[in-house]
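Please look over the sequence and the structure below before reading on.

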Amino acid sequence: MKRYTIDPITRLEGHGKIEIFCNDDGSVQNVYFQVPELRGFEKFCEGRPVEELPMIVCKICGVCPEAHHLASAKAVDAVFGVEIPSAAKKLRELIYAAHYIHSHIAHFYALAAPDFVVGPTASPAERNVLGVIGKVGVQIGSEVLKHRRLAQEIQKELCGHQTYCVCAIPGGNNKALSEEKRKEFEIIAKSCVDFSKFSLKIFNDVVLANKQYVDIILNGPYALNIHSMGTVDANNKVNFYDGKIRVVDTKGVEICKYDSKDYRDHIAERVESWSYLKFPYLKAKGWTGFVEGQDSGVYHATPLSRLNAADGMATPVAHEEYQKMYSTLGGKPVHATLAMHWARLVELVYASERLHELCRDKEITEPKVRVLPTNTPSEGVGSVEAPRGTLTHHYWTDSRGIVKKVNIVVGTTNNNAPITMSIKKAAMGLIKKGTVVNEGILNMIEMAFRAYDPCFSCATHSLPGNMPMIVNIRDAKGEIVQTIKRG
Amino acid sequence: MGQRALVYGIGNPILTDDAIGPKICDHLKINRPIPGVEYRTGAVGGLCALEQILGYERVVFIDAIRTKDGIPGDVYEFGLSNFKETLHLSSFHDLSFLSAIEMGKNMAFKVPGDIRIIAIEIVEDLVFSNSFSPEIEKKYPLILKEVTEWFDRCFVATP
């Protein structure tokens, strides 16, 4: 048996490993996507005052600190049973729209575009953002950096720090938005709307105009027929900050729609011996294994699933693009994994338009952005749509507000089973009897998981606070010849 | 100090030894307040790192590093020509640091002419903790002394 290993996975935060086990004839027998990293974050939070958690959780990782900060703040509000002022809610949503803008820009231009603009089998030396700039022009590179920076300026101003947010506190926010800054942000938001529309134009001109790429998206080994999860507003439109969590099945029919506090009624987490990352599944369907189809319990929580689970986008241009995407791809729901890149760009437009809307909202500069919590703290759940999936924080405290227990289901954890299945499907489709496995093939397998924009630095947890490790050394027949244990 | 300079302590302040960059940076900020020198901390890499340094003349990153057979507490100095991957500067989530710098230069941005990376060999960066590992805790005074002396040579003696 031959074994191909892609380790570490390139362009991925945290550590992960793909192991591909082949039969003697060279075809793929099985694939494992393993996350060996443990961080012990939930344990680290225990014994601390719950109001400190929003400031601590944003240090889990440097990729989506705002998502953790806001999910945590919502959970803390729930722990204290406090309803925050409307202006505070809008300010949080404004901050979050800015976060989405710089996160989605980075993913499209630095992670996704190299595969499509430069080419999926191009040399790694060229298949990067510099290669993208070489193809589309230096000016676009400047615009990428400019708009990421502008979005981050908004975050820095309102969050108190570019990465370590301190703005959301129990009962609201610690800072209101001045009229002077609102005017500045409105100009930035307008520019972001224009740039996000331009990014979609690039996708149209470079990806959709190339029949080979469209074939890869639609007909390659990248489709995964599973259920879709996303947060929706009262009109079933996509919302990143607040609303109900909706899950639709493989045909687009609603399975459930619930408040985040009820997540345990709908989602269960399965443990597999070969991965430290759990595998969530739908309780309504049950765990039926790593299988696709209407009866499977596997769902995904991604930009594409958010669009699948919603009835549209809440802003005009984004909704237009939403309709165009589904019209081009043959209607809802879409199961083409690589269409996530397109969905992400539709979300970029939505985030920009929503930012612009909020900057023009008369209430956004209201000085009252906090109410003082007076209830005895106990238990609370908060969730947001992190750029890479639904993020849920659940806290239990004693009557003094000291944290007794924490459970966090992060975006990438939701997608653990789909990522594993997508990689296996891609590997089986690309590695056949007699296939020469080269860098291009391995990159095309990596494309299957890269579409999910996975981030594992916050997805794994360890109770002992140390990293247990077992290393099995196997011979060519798969027999263990030596075992090394730690922890 | 005639040039605008940035000292950036990179790392996660609650991830055991990974906190060493921010901790040293905070020490320098308090004990070496020099006009024209700004001090900043955070866990940034790739594009973010590039965005943070545009417009400065001189930049010093202080980051953690883990090398094969490295001795905990050893301090390395890199320029761009002999840069090795430190724990944060090259993010799998976006670009490698060198690619980001190259990108900035290609686009005629004002990339600092003098970029140094001070990297400290650490032991543990996978476990959440407010404290250093015992090895780094024991050596921290020496590490701090070595980095501070280096800083004084670069910024105080020859501003």
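This is a predicted model: local features need pLDDT of at least 70, side-chain atom pairs count only at pLDDT 80 or more; totals for chains, interfaces and linings use all residues.

Residues are numbered from 1 along each chain as its sequence is written, and chains are lettered from A and ligands numbered from 1 in the order in which they are written.

**Helix crossing in chain A**

- The axes (lines fitted to C-alpha atoms over the stretch in contact, with angles from 0 to 180 degrees between N-to-C directions) of helix 4 (residues 86–118) and helix 12 (residues 340–359) of chain A come within 8 Å and cross at roughly 150 degrees.
- Helices (H or I, at least four residues) and strands (E, at least two) are DSSP runs, numbered from the N terminus.
- Contact, meaning C-beta atoms placed from the backbone that lie within 7 Å, involves residues including A:L94, A:I101 and A:F108 of helix 4 of chain A and A:L348 and A:L355 of helix 12 of chain A.

**Sheet in chain B**

- Five strands form an open sheet in the order 2-1-3-5-4 (chain B), with mixed pairing, where pairing requires that DSSP finds at least two bridges between two strands.
- Strand 2 (37–42) and strand 4 (75–78) of chain B are at the edges with a single partner strand each, so one side of each has no neighbour in the sheet.
- Neighbouring strands of this sheet are turned by 20 degrees against each other on average, direction ignored.
- Strand 4 and strand 5 (residues 114–121) of chain B pair in the antiparallel sense over four bridges, and B:A119 in strand 5 is the bridge partner of B:Y76.

Terms used
Two residues are in contact if their C-beta atoms, placed from the backbone, lie within 7 Å.
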